[in-house]
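We will pick a few selections and see what sits at each one.

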Amino acid sequence: MTVDPEVDAQLPGSSDAEGWRRMHPLSPLLRGGLALLVIAGIIVANFRDHFVQFFFANNLDDGDASVDVSGDRDLVDLYEFLVAEGLLLAVLGGLLLILLLIVLFSWLAWRFATYRITEAAVEVRNGVLFRSHRRAPLERIQSVNLQRSLLARALGLTKIEVVTAGQGGKVELSFLGHRDAKTVREQILQVSGSRRRGGAAGQRAVADVSAPAPVGLDGTVYSTAGDALTARAHDFVDADIDPEALEAQTLVKVPVGRLAASIALGWEAIILVVLIAGIIIGGAVLEAFLIFGVIPLLIVMASVMFGQFNKGFNFTLSRTDDAVRTGSGLTSTITESIPFGRIHAVEARQPLLWRPLGWWKVRITTAGHSVAQGGQNATQNVVLPVGREADVLRVIETLLPGTGTEADEIATLRDGLIGPADGYVRGGRRSAAVLLWGRRRAGLRIEDTGGDDATLRIRRGVLTRSFAIMPILRAQSIQLRRPLVHRMLGLASISAHTVLGPVRMEMRGLELGAARRLFDELAALVLRVQGAEAQRILEARAPLAEPMPAEPVLAEPVPAQSGLPEPVSPEPVSPEPVSPEPASPEPLRAPRHGHGLTSGRAHEA
């Protein structure tokens, strides 16, 4: 495994001969050392009297020394007892020994925690007794996140989370200095993007990549600080926005008032109000003690709503050279950088009470999340907590380049989002039995542009409207399914499968004939687009120069021997040409199978 000298020269600190670097010296404090000290302090404060009784019970009955262990007096009693018995130095020595052991184990944990960035992967090693070595291949990186808790912000530290495809595929660098972490993130994104392009040079050389300047909450770009205290203050309030995106005005921001109002009008708040009203009415009619059931419910729902506000505070979305970047947070902040081409599906959602205000929420599906994180309420999948129609169109164009750059493309997106959906395949005549009141809005459209940016678009919903887009390039399989009710009504549903995530690409209630035509058209489009992409990747990774042909080796002439006949050169024999039978090439097809008794389905991968 080799380390690129240009990348290694730009990384913070010094490395060993193999390119391994250590984390920040204060990283053990945030990885459990501080929690250990706090827990030890709580235990000592609450069980002080019991410790005295346990360790010094034999001396408490002496006439000369006495101490009140009832808990009614302060630490002065314990101090006077230790002085009287001559145990003060021993106790202080024991506490000092415990602190030294904590410092020693923290130093060992920091000493054995190292990382490096090679030409092929990001690697992390840690552990003293039990060693672990985690490796994130550059071509499988899905996002690079910077996480900062409130204490980490105060100490000027940041954790880097490299998310890869697969369950639990995360590599964490805990912790680095904030500006060092930003530099490492830029290097990872640049090297990863160069590798995905087949080694082609990007817009910037790797050696030129460095951490961008800190940006305040009001958009102020801070220059180089004159002292360490000012630099620490700039890092604490840094919103982690690319100054170039700020100058180009390519940011999408969410005002605090709109965020608070959207939470108050969300389904969580509605459910909370309904439950509280039900409990109060039930307590007034039935038993009064039922009212006390509101208190824990209020605590839970308030924590959920505050979590939404905390994660959506100061939300910004911007576009850099190699990735889409989102950042948010009030007490703890998180910045997620998703490289282009790693977004598998995008969905805009509009709850019922948001409809008069024209607000939408946008979430995405990316690889690398666990089953729980791929659920419908995963906050890390939200790339726009709340925004207007123009914000939604801007976000979709940022996430999926090529889908909303021209005027006609923007009009097509708006038509699918809030328009009459011209050109969409609607539900069948009997689809009201399965789509209910959503039949009027439901529709499916295959947007074949003739290039790589072909997409599948599905809209549906009544109480919560949705508009989902999936690049054909990201489809892993497609499915035509006919549950029992669909078979009875002559209907079918079309599904497109991608990685695990909150966005569901499925259209139900289609006429059977239309569903079959869409299935065949979608299968052919997937093969064409993904086949062309695979061919481009192979060409990009091919050697830049063809190998030179080997020079022929000439045999040395053998001197003729007397008495031997001269060799006779055989006449060349031309074989008769054989005309091969013409064979019609079989078109490339994906595996297809079907099954089902009460519900039939056809599946193509």
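Before the first stop, a term: a residue is buried when its relative accessible area is under 20%, exposed when it is over 50%, and partly exposed in between, using a 1.4 Å probe on protein chains only. What you have on screen is a predicted model, in which local features need pLDDT of at least 70 and side-chain atom pairs count only at pLDDT 80 or more, while totals for chains, interfaces and linings use all residues. Residues are numbered from 1 along each chain as its sequence is written, and side-chain values use heavy atoms, with hydrogens and water left out.

**Stop 1: helix 11**

Select residues 267-285, which make up helix 11. Helices here are DSSP runs of H or I with at least four residues, strands are runs of E with at least two, and numbering starts at the N terminus. Helix 11 has 19 residues and spans 27 Å from its first C-alpha to its last, close to the expected 27 Å; the expected span is 1.5 Å times one less than the number of residues.

Now colour A269, L272, I276, G282 and G283, which are buried. They share one side of helix 11 because they cover an arc of only 165° around the axis, the arc being that of the directions from the helix axis to the C-beta atoms. Turn to the face away from that buried side, and you will find V273, V274, I281 and V285 exposed.

**Stop 2: salt bridges between helices**

A salt bridge here is a side-chain nitrogen of Lys or Arg within 4 Å of a carboxyl oxygen of Asp or Glu. The structure holds 17 of them.

Show D235 and R179, whose side chains meet in a salt bridge at 2.9 Å, N to O. This pair links distant parts of the chain, 56 residues apart: D235 lies in helix 8 (residues 228-236) and R179 in helix 7 (residues 178-196). D235 is buried at 10% relative accessibility, whereas R179 is partly exposed at 30%.

Next, select D391 and R258, a salt bridge with its closest N and O atoms 3.4 Å apart. D391 belongs to helix 13 (residues 389-399) and R258 to helix 10 (residues 256-264), 133 residues apart. Are these two buried or exposed? D391 is buried at 18%, and R258 is buried at 16%.

**Stop 3: within one helix**

Finally, go to helix 17 (residues 512-541), where E533 and R536 are three residues apart, about one helical turn. Their side chains form a salt bridge at 3.4 Å, N to O. E533 is partly exposed at 23%, and R536 is partly exposed at 37%.
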